[in-house]
Amino acid sequence: MPAELHPRTKITTESIFSRMSRLALQHGAINLGQGFPSNPPPAFLLEAARKAVGTVDQYTPPFGLPSLREALAEDLGVSPEDIVVTAGATEALSSLADSLYGVGDEVVMLEPYFDAYLPQTLMVGARPVLVPMRLTDRWELDLEALERAITPRSRALLVNSPYNPTGSIFSREELEAIVTLAREHDLWIISDEVYDELYFEAPPTPLRALAPERVFTVGSAGKRLEATGWRIGWIVTPPGLAPAVTGMRQWSSFCSAAPLQAAVAQALPIARAEGFYPQLRESYRQRKDLLAQGLQAMGLEVFEPVGTYFLTARMPGLSAETLVQQARVAIIPGSAFYASSPPPEGLVRFAFCKTPEDIAQALERLERFLKIRG
Ligand SMILES: Cc1ncc(COP(=O)(O)O)c(C=O)c1O
């Protein structure tokens, strides 16, 4: 037997998200860690899937089922020719890593970061350059630090808005500043917009609207339609670049699950017509308020999100392990989102895509635990 696997396998181990979910099960904890909804997807999506299984069952073209490209194009206001359907946003991001950079290149991204960004960059031999967000009484983008991080080796800027884990949304001015930097230094922009329909104040501006020639947008049906296990995501490419990106992704999964692509194609216009997204936002707003108010009542510092289904707060002096074992509430420690600098003191992330009952019970458990601990 050959002695060793490639050193690349050492880039990544069990993610903190899987670990916290495993510990949550082991300790009977309420899982406010990993970001997946605890409710089923909407009935119109499930119905569409039932009809599609047995009808749309064979390979689709690697750029995606034509009806899904059409439905996405209509929904996003872009051309179907510029869409590549992927196996979740995760594959969209890895296909872009394959397409845009490689050995010796640098990719500038913000810290805290979504966990996939780092290994995906490292696996193609590029170097992630992390720029910490500033945390005062809210999360702030440090544009000067972003500019300082750009070198002649930089190939791309990777940004996420609405932003996991901070829950912030970049303003139009901030996005314009990002585009200016990208134009000055001739960089691609990868804009991870998987939470594009999850906002609590003004809707986010799609970055591609400001620089269609250099922005790749990443989206996820899993996030929009509460079906994270279906693995349907997409990329909107700058005009003319979809065939090259499709060329890369066809050698990973070739195509995503055909009947589920068909179901999402059917569901996207229904979601718009029936006001599904405003209902989704309202239901998340209630859960966000429940969680934020509950944590604030315990005296914790909460950074209230304006988008996503995540909330960050400070719980200094407590480890995620202690919380899952003793309070029986699973959360994600801030350290999961930092690699180049220490996380802000006591930072934790809560996911509120859980039932109000679970959130209320988690709050009770935390309150009891904090009281006993004194
Ligand atoms: C910011 C961000 N990007 C991408 C993804 C991956 O999405 P998907 O489940 O569609 O692969 C997630 C999932 O949590 C995310 O939070």
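This section covers the domains, the nonpolar core and the ligand shell of a predicted model.

The contact between them draws 33 residues from domain 1 and 31 residues from domain 2. On the side of domain 1 that touches domain 2, two elements give two or more residues: helix 11 (276–297) and strand 12 (310–314). Helix 11 gives the most, with 7 residues. By class, this side of domain 1 holds 19 nonpolar, 9 polar and 5 charged residues.

The largest nonpolar core contains 111 residues. Its members that touch the most others are Ala 156, Ile 189, Val 264, Val 329 and Phe 350. Helix 10 (residues 258–273) supplies the largest share of this core, with 8 residues. The core also takes at least three residues from each of domain 1 and domain 2. In soluble globular proteins, nonpolar side chains tend to be buried together. The contacts of Ala 156 were listed without residues up to four places away in sequence.

The ligand is surrounded by 13 residues. Gly 88, Ala 89, Thr 90, Asn 164 and Ser 220 are the closest. Helix 4 (residues 88–100) provides the largest share of the shell, 3 residues. By class, the shell has 9 polar, 3 nonpolar and 1 charged residues.

Methods: Residues numbered from 1 in each chain as written. Predicted model: local features only at pLDDT ≥ 70, side-chain atom pairs only at ≥ 80, totals over all residues. Near = placed C-beta within 6 Å. Helix = DSSP H or I, 4+ residues; strand = E, 2+ residues; numbered from the N terminus. Nonpolar A, V, L, I, M, F, W, Y, C, P; charged D, E, K, R; others polar. Core = buried A, V, L, I, M, F, W, Y, C linked by C-beta atoms within 7 Å. Buried ≥ 20, exposed ≤ 12 C-beta atoms within 10 Å, placed from the backbone. Domains from an automatic or database assignment. Contact = placed C-beta atoms within 7 Å.
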